[in-house]
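Please study the sequence and the structure shown below. The paragraphs that follow lead through them step by step.

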Amino acid sequence: DWGTQFGKLIVAYKLWSSKEAVEEKGIEELLRIYVKFNVEKDNNPFLVEEARQWLVKMEKDDPEALEYWEWFKEISMVEFERVYDMLGISFDSYIGESFYRSRVPALVEELKAKNLLQESQGANVVDLSAYDMPPCLITKGDVASIYHSRDMAAVLYRKETYGFEKCLYVTGLEQTLHFKQVFTAVKLMGNAWAEDALVHVPYGLVSMAGAKLSSRTGNIVYAEDILKEAMERAMTAIQVKNPDL
């Protein structure tokens with residue numbers, strides 16, 4: 001629930017949408033303008049910079065930016081929960097990525113105290129060259145937290161809060177390097193448990209018409225549609241094979 005995609009959505013909303021359209025169509029409208037942004041940015045690179053500036057505003061707790069972010073997040077959560085309800089799934093806790101950004105400054109100070117933080121090309125990084133990996137970015141330019149540092153802060157919070165034996169990260173295969181970097185950096189901080197306790201469970205990509213599914217390009221299939229079709233096929237199979245069930 002944090003990151004550049006929200007900056008893109010804010011820019012897209014201001015350029016190509018309205019309060020009425022979003023309230024009427026919800027996530028469908030957010031997807032439409034998100035796809036439009038990613039098409040238009042190829043002809044107008046300034047859009048990307050504008051989106052980045054909105055993310056910087058979010059990081060600096062700008063009221064307008066956070067109001068848009070909260071609104072878009074709420075619309076998304078309604079949709080997620082509706083689909084999870086179809087599957088009979090509920091969660092004990094929703095803590096999104098945004099929660100951890102306030103914990104990044106303490107992480108930075110700890111990394112400094114342990115002589116793990118280095119400056120490189122305007123960014124603060126943890127050097128992982130000894131592990132044949134690119135450096136793990138912690139902060140960069142005028143953005144106070146980034147994906148790696150928020151995930152590291154999340155690991156430490158989860159260990160402190162839940163005292164887990166295993167912490168499983170179920171994400172796409174393309175995130176493999178990211179989690180190797182995060183887990184290794186956490187271990188370098190003196191957390192030996194990270195070696196066995198942190199586990200990335202990767203899954204492959206689904207393609208459609210020869211191209212991977214991507215919300216960025218609009219090449220998607222809605223989870224709800226897949227679930228509905230699965231239910232219809234199951235019902236048909238039951239009626240054919242076991243109509244008295």
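In which helix is the place of methionine 152? Methionine 152 belongs to helix 7, where helices (H or I, at least four residues) and strands (E, at least two) are DSSP runs numbered from the N terminus. The model is a predicted one, in which local features need pLDDT of at least 70 and side-chain atom pairs count only at pLDDT 80 or more, while totals for chains, interfaces and linings use all residues. Residues are numbered from 1 along each chain as its sequence is written, and side-chain values use heavy atoms, with hydrogens and water left out.

Methionine 152 has a relative accessible area of 0% and is therefore buried (buried means under 20% relative accessible area, exposed over 50%, and partly exposed in between, with a 1.4 Å probe and protein chains only). Leaving out residues up to four places away in sequence, methionine 152 touches Leu107, Leu111, Cys136, Ile138, Val182, Ala185, Val186 and Met189; contact means heavy atoms within 4.5 Å. Methionine 152 and phenylalanine 183 are 31 residues apart in sequence, yet their C-alpha atoms are 7.7 Å apart in space.

Phenylalanine 183 is among the buried residues of helix 8, as are Val182, Ala185 and Val186. Helix 8 covers residues 176-188 and reaches 18 Å from its first C-alpha to its last, close to the 18 Å expected; the expected span is 1.5 Å times one less than the number of residues. The buried residues of helix 8 pack against several elements, including helix 7 (147-162) and strand 3 (136-140). Just after helix 8, glycine 190 takes a positive phi of about 105 degrees.

In soluble globular proteins, nonpolar side chains tend to be buried together. The largest nonpolar core here has 29 residues, and Leu111, Ile138, Met152 and Leu198 have the most contacts inside it. Such a core is a set of buried Ala, Val, Leu, Ile, Met, Phe, Trp, Tyr and Cys residues joined through side-chain atoms within 4.5 Å. Helix 6 (104-113), strand 3, helix 7, strand 4, helix 8 and helix 9 each supply at least two of its residues. A second, separate core of 23 residues includes Trp2, Val22, Trp54 and Tyr68.

Tyr68 is one of the buried residues of helix 5. Helix 5 (residues 63-87) has 25 residues and spans 36 Å between its first and last C-alpha, close to the 36 Å expected. Among the elements covering its buried residues are helix 1 (4-16) and helix 10 (223-241). Just after helix 5, glycine 88 takes a positive phi of about 70 degrees.
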